Amino acid sequence: PAHPYDAATPLHTPLAGSETAQCHLAAAIAARGHEVRMVTGTPRAADVRGVRCLPLDAGPEALPGTDAVVVTNDAAAALALRHRLPTATAVIAWEHNFWTANAATHAAALQALIAGGGHVVCVSDWHRDNYLAAGGLDPARVHVLRNAIAPAFAGLFAPGDPILRAKAWPPLLAFTSVPYKGLEAALSWFGRLRGRQPAVTLNVFSSFDIYPANSQHRASPSWEALYDRCRTQRGVNYVGAVPQPRLARALRGVSVLFYPSAVPETSGIAVMEAMAAGCLVITPPQGALPETLAGFGALVEPRDGVVQCEDFLKATEAALSCFTDADARLDAHLRRQVDHMNAHARWERRAEEFEALLARIAGPAAV
């Protein structure tokens, strides 16, 4: 079945990262006075957060008169629209996956889209470089529009509010991404950490319930076995996927994002939101994560191409020792991190950047 969500879904229901980004960007663009239509698997048309949300079969109501059409993670659909729509309408493939994850047909569709006058938007500089190097695309037609934090993570700490005061003690760690991005390693490595730091707890906010009901990941018994392991492992509190407002409140009390990411990250929304919640991030330099961290957090470099458990645990223990000392330098560091995310990683800013991008590729009349 189609994925039934609209622009308000991530405010109350867990949703995958790219769909969540689509919803928040659409609402932020609408808030700037633009007419925005969003076509998804929603069962009925409705006006939500200023966005006209339409079902997949809306066709005629969705397309006429549009200055730009943005297609998320479906290059074939973007290419089909490029053939169908007037040349004055900008067609943009908004990509969130790294190139090697794409099937050959997807790559061919992106190349044909570019050749036909369409555009590709990536979510980080690393992501754009990945696409240019692997796909041979025209650099003039491959752009960057970064992801951002959900509204629930914006302004979690008032100006001057000591961030350390919100952190739980004994310390809490968290894993907040989808399971295939490192949950199995997180459980194994946390087990060793718990043997050395018996007071720490790992809260796991992770499942595939954010995907459509027909997702192969949701049906896989191996993932259910991993959730059962979370439920029985000492020191682990398995929560599952939760709505963004609840996750934001929970991460206020978390000290460390314990994230042994196992795949190249094109952006890392989980990392961005943990940073906005005042968490120190421990992660390897997968894909765009160094770019996302912007000098904050701790990057655990691989040795011989592999991130070593002991190196990861040493970085985690160093972070925990900072919270044990709880000095003013740590609070100032976290304040700079939180302020950086609020200044540079909100969807309101992305809407402004999208306007500027559209003015470049479709002309000032489009905005």
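1. Helices in this note are DSSP runs (H or I) of at least four residues, numbered from the N terminus. The model is predicted. Gly33 follows H2 and has a positive phi, near 95 degrees.

2. H2 is mostly covered, with 13 of the 15 residues buried.

3. Is Thr20 buried or exposed? Its relative accessible area is 6%, so Thr20 is buried, the cut-off being under 20%. Leaving aside residues up to four places away in sequence, Thr20 touches Pro10, Leu15 and Gln244. The C-alpha of Ile210 is 10.0 Å from that of Thr20, although 190 residues separate the two along the chain.

4. Next, H14, which spans residues 347-362. It has 16 residues and reaches 21 Å from first C-alpha to last, close to the expected 22 Å. The buried residues include Trp347, Arg350, Ala351, Phe354, Glu355, Leu357, Leu358 and Ile361. An α-helix has 3.6 residues a turn, so residues three or four places apart point the same way. That spacing is worth checking against the buried positions by eye. What covers the buried residues of H14? The cover includes H2, H13 and the strands E4 (68-72), E5 (90-94), E6 (119-122) and E7 (142-144).

5. The cavity. The structure holds one cavity of 30 Å³ or more. The largest cavity has about 30 Å³ of space. Its lining is Leu25, Val70, Ile92, Trp94, Val121, Leu145 and Phe354. By class, the lining has seven nonpolar residues, no polar ones and no charged ones. Phe354 of this lining is also among the buried residues of H14.

6. The second largest pocket is another matter. About 270 Å³ of space lies in it. It is lined by 17 residues, and those closest to its centre are Arg146, Met272, Glu291, His344 and Arg350. Which elements give two or more residues to this lining? They are H11 (289-293), H13 (328-344) and H14. The lining splits into five nonpolar, seven polar and five charged residues. Arg350 links this point to point 4: it is one of the residues closest to the pocket centre, and it is buried in H14.

7. Aromatic pairs. A search of the whole structure gives nine. In one of them, the ring centres of Trp189 and Phe312 are 5.3 Å apart and the planes meet at 55 degrees, so the pair is tilted. Trp189 sits in H6 (residues 183-196) and Phe312 in H12 (residues 309-325), distant parts of the chain 123 residues apart. Both residues are buried.

8. A second pair, Tyr227 and Tyr238, is stacked, at 5.4 Å centre to centre with 20 degrees between the planes. Tyr227 lies in H8 (residues 221-232) and Tyr238 in strand E10 (residues 236-238), so the pair ties together parts 11 residues apart in sequence. Tyr227 is buried at 5% relative accessible area. Tyr238, at 17%, also counts as buried because the cut-off is under 20%. Elsewhere, ring pairs link Tyr180, Phe208, Tyr211 and Trp223 into a cluster.

9. Backbone points to check. Most residues other than glycine have a negative phi, and most peptide bonds are trans. The bond joining Trp169 and Pro170 is cis, with omega about 0 degrees. Pro170 is in the loop between E7 and strand E8 (172-175).

10. Two positive phi values occur at residues other than glycine: Asn73 is near 55 degrees, and Ala294 is near 55 degrees. Where does each one lie? Asn73 is in the loop between E4 and helix H3 (75-84). Ala294 is in the loop between H11 and strand E13 (298-299). Asn73 counts as partly exposed at 26% relative accessibility. Ala294 counts as partly exposed at 37%.

Technical notes. Residues numbered from 1 in each chain as written. Predicted model: local features only at pLDDT ≥ 70, side-chain atom pairs only at ≥ 80, totals over all residues. Heavy atoms only, no water. 1 Å grid on protein atoms, 1.4 Å probe; cavity = no way out; pocket = protein on both sides within 12 Å on 5 of 7 lines; lining within 4 Å. Points joined across faces, edges and corners; volume = space filled by probe spheres on them. Nonpolar A, V, L, I, M, F, W, Y, C, P; charged D, E, K, R; others polar. Buried < 20%, exposed > 50% of the residue type's maximum accessible area, 1.4 Å probe, protein only. Expected span 1.5 Å × (residues − 1). Contact = heavy atoms within 4.5 Å. Phe/Tyr/Trp six-rings, centres within 6.5 Å; stacked < 30°, edge-to-face > 60°.
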